[in-house]
Amino acid sequence: MATIAKQIADNASYQAFVNGYLKEIDEGVWHSIAQWKTASGFNAEKHDKFMLELQLQHSETKLVFGVAFRSIVGRHKLTGIYHQRPNSMEWTQLDSISAIMLLIKEIYARSNSHHVCDQELELTSRTIESHQIMAEYVQERKDDPALQSPRFIDSEQSVLFGHWLHPTPKSRQGMHRWQHTHYAPELKGSFKLHFFAVERQWLNQSSAIALCAEQIVLRIAEQGACDTELALVKQFSDSGKALVAVHPLQAEWLLKQEYIQQLISTGQLHPLGPLGATFTPTSSVRTLYCEQLNFMVKVSIPVKITNSMRINMGHELDAGVTLAKLLNTTRFSSLHPQFQVIGDPAYLSLSLPDMDESGFEMILRDNPFKQTKNELGIGGIQSIAALVQDAILPNDRSKLSTIVHTLSEQQGRSLHQTSIAWFDRYWQCAIEPAIRLFDQFGIALEAHQQNSLLDLTEGYPKTYFYRDNQGFYLSSSVKSTLMQLEPDLIKCPELFYDNNMIFDRFGYYLVINQLFSVINRFGLDGLVSEETLLNLARIRLDKLLTQVSPLGQGLIRSITERKSIPCKGNLLTRVDDVDELQAEMEQAVYTQIKNPFYRKAPQASVTSTATTTLEACLESA
């Protein structure tokens, strides 16, 4: 593998793992460069502003990391690594993979679990696998101009590094290396779904729209089909059978299951093979896109990605359709057109005896990005994950920085002014409406980076899109009202949570995962300081506090008035080998972090200055 791709993957894996460790395990001891030179006697790298020291008790080793950028919101820019062995005063340089392995050893040495050995092997293997896969992706794509494309699908397939604070962001257990070419979004794979004809008695479907799910799947089978394929579809349709479809990887797994083989042997299920439309994976791997179709499909795959096996659960099917109807009833997006929820209005599956999931569960998702006219302009349609990702090549700009520089040059305004105007429009379409949706209807979203898309065709955020039928939390305190709006919620009791749980989860996804990642990107790129944007966000939250009901006030106070706030521990979740989608209440491991919004008393001078800065920048927009 080319050296440059390995170096890029080394650095990306190192930044994610160590930042996760610092956030979730041990925040370390910070030293200024001057202090460090005096204490250690060796010079740091020229761009370093701090040195960060960790004591590893298990190996009696000290690690120290150079820090070129110290973040308030939690993702530092780390540089060189040095270690000091037991009974030695010498600091020697260490490679990133060796440092990560030392940290893994330290984590499990502190654990009292009886399953430490198996869990340590699991985390070690997945960390190495993620790093190797990332390096292969970078090698294949690093010079691809599509990485900078404004098209929706190109943005989806440009996230080569993955989650900004996940220890194994590109782990794909269950997908063989040769299969990545066909099924990984990072390698722009494309394929057809694998179809089956089935007796109608086993069919399970629902739809919130005029077309039933069965009709939509039939159209997928006919899209771009050759005469032979069309004849096959007609043969089984005329015989009264229905068509269902799965991901090719899922088909391979299903065909080895005894219950499927029995259905086939009795003539109740007929494998038809690949048919119809050609799909390509979006960033989640299992949500598939075809630019000619009005729907995307979200399917199960026998692959463990990041924390979880990616299968559609039975209870999620009715939830998606019911929530699509509920959101239409609220008319929230009609009243707030800058904030759109992409619906999952239909599903198709098989209902087999004594099985919660048959393996055929397919969710049909609206495709608002079918027309290429929505994908042009300065930035096109970008997920926030793609927008805030580090530049793939050293010395290049991130996507966000590129867009801000373009706007600044076009409008003849400073980068600082442009950045604040961009952030304000982002707040107005992505953050404030999400809080108002919860305040008005008790509906909270898992609005993390990958689930969040922005229309940047004009450079500035114009419309926010949320996706994911798994990511809804409904407040139990307004359950009776929501049930009146949508009676079918009686079928989805698992969607209701108490407010404290929602405050914690919604706060993590909307603020820590999404908002802080945007603030961090501006700071890392030197466009505007994290502190400035945190102050502006706090002003917006304080203003909202006076406008919302007690429900919204409770949420905002949970964000601003707690010294520490709950943060999903992706590293700790991996340390305990938790599959959060299978866990009770789909609960990952959470930890507490310092709250950057918290302050003991109102800072009138800071607030006044920030308000003046914001108003001045917006007036010149």
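**Burial and contacts in a predicted model**

Colleague: Why is Gln-157 called buried?

Modeller: Its relative accessible area is 4%. Buried means under 20%, so Gln-157 qualifies. Bear in mind that this is a predicted model.

Colleague: What does Gln-157 touch, beyond residues up to four places away in sequence?

Modeller: Arg-141, Pro-185, Glu-186, Lys-188, Thr-280 and Pro-281.

Colleague: What makes the pair Gln-157 and Thr-280 a polar contact?

Modeller: Their side chains are joined at 2.7 Å. The cut-off for a pair of N or O atoms is 3.5 Å, and therefore 2.7 Å is within it.

Colleague: Which side chain does the side chain of Lys-241 meet in a polar contact?

Modeller: That of Glu-199, at 3.4 Å. The limit is 3.5 Å, so this pair falls within it. Glu-199 is also listed among the contacts of Lys-241 that leave aside neighbours within four places in sequence, together with Ala-197, Val-198, Arg-200, Phe-236, Gly-267 and His-270.

Colleague: What makes Phe-506 a buried residue?

Modeller: A relative accessible area of 1%, where buried means under 20%. Phe-506 is placed in helix H17 (residues 499-524). Not counting residues up to four places away, Phe-506 touches Ala-434, Ile-435, Phe-438, Ala-444, Leu-445, Val-511 and Leu-555. The C-alpha atoms of Phe-506 and Ile-443 are 9.9 Å apart, and the two residues are 63 residues apart along the chain.

Colleague: Why is Asn-294 called partly exposed?

Modeller: Asn-294 has 46% relative accessibility. Buried would need under 20% and exposed over 50%, so 46% falls in between. Asn-294 lies in the loop between strand E11 (287-289) and strand E12 (295-299).

Colleague: Which residues does Asn-294 touch, leaving out those up to four places away in sequence?

Modeller: Arg-365, Asp-366, Asn-367 and Lys-370. With Lys-370 there is a side-chain polar contact of 3.1 Å. The C-alpha atoms of Asn-294 and Phe-516 are 33 Å apart, at 222 residues along the chain.

Colleague: Now the whole chain. How do you know that its radius of gyration agrees with a compact globule?

Modeller: For 621 residues, the rule puts a compact globule near 25 Å, and the protein chain has 25 Å, so the two agree. The C-alpha atoms fill a box of roughly 85 × 55 × 50 Å along the principal axes.

Colleague: What share of the residues is buried, and what share of the contacts with a separation of 6 or more joins residues 24 or more positions apart?

Modeller: Buried residues make up 59% of the 621, and residues 24 or more positions apart account for 73% of those contacts. The secondary structure comes to 21 helices and 25 strands.

Colleague: How many charged side chains are there, positive and negative?

Modeller: 57 positive and 68 negative, with the centres of the two sets 5 Å apart.

Terms used:
Residues are numbered from 1 along each chain as its sequence is written. This is a predicted model: local features need pLDDT of at least 70, side-chain atom pairs count only at pLDDT 80 or more; totals for chains, interfaces and linings use all residues. Side-chain values use heavy atoms; hydrogens and water are left out. Helices (H or I, at least four residues) and strands (E, at least two) are DSSP runs, numbered from the N terminus. The radius of gyration is taken over C-alpha atoms; the globule rule is 2.2 Å times the number of residues to the power 0.38. Buried means under 20% relative accessible area, exposed over 50%, partly exposed in between (1.4 Å probe, protein chains only). Contact means heavy atoms within 4.5 Å. Lys and Arg count as positive and Asp and Glu as negative; His and the chain ends are not counted. The place of a charge is taken as NZ of Lys, CZ of Arg, CG of Asp or CD of Glu. A polar contact is a pair of N or O atoms within 3.5 Å; within protein, one must be able to donate a hydrogen and the other to accept it, and residues adjacent in sequence count only if both atoms are side-chain atoms.
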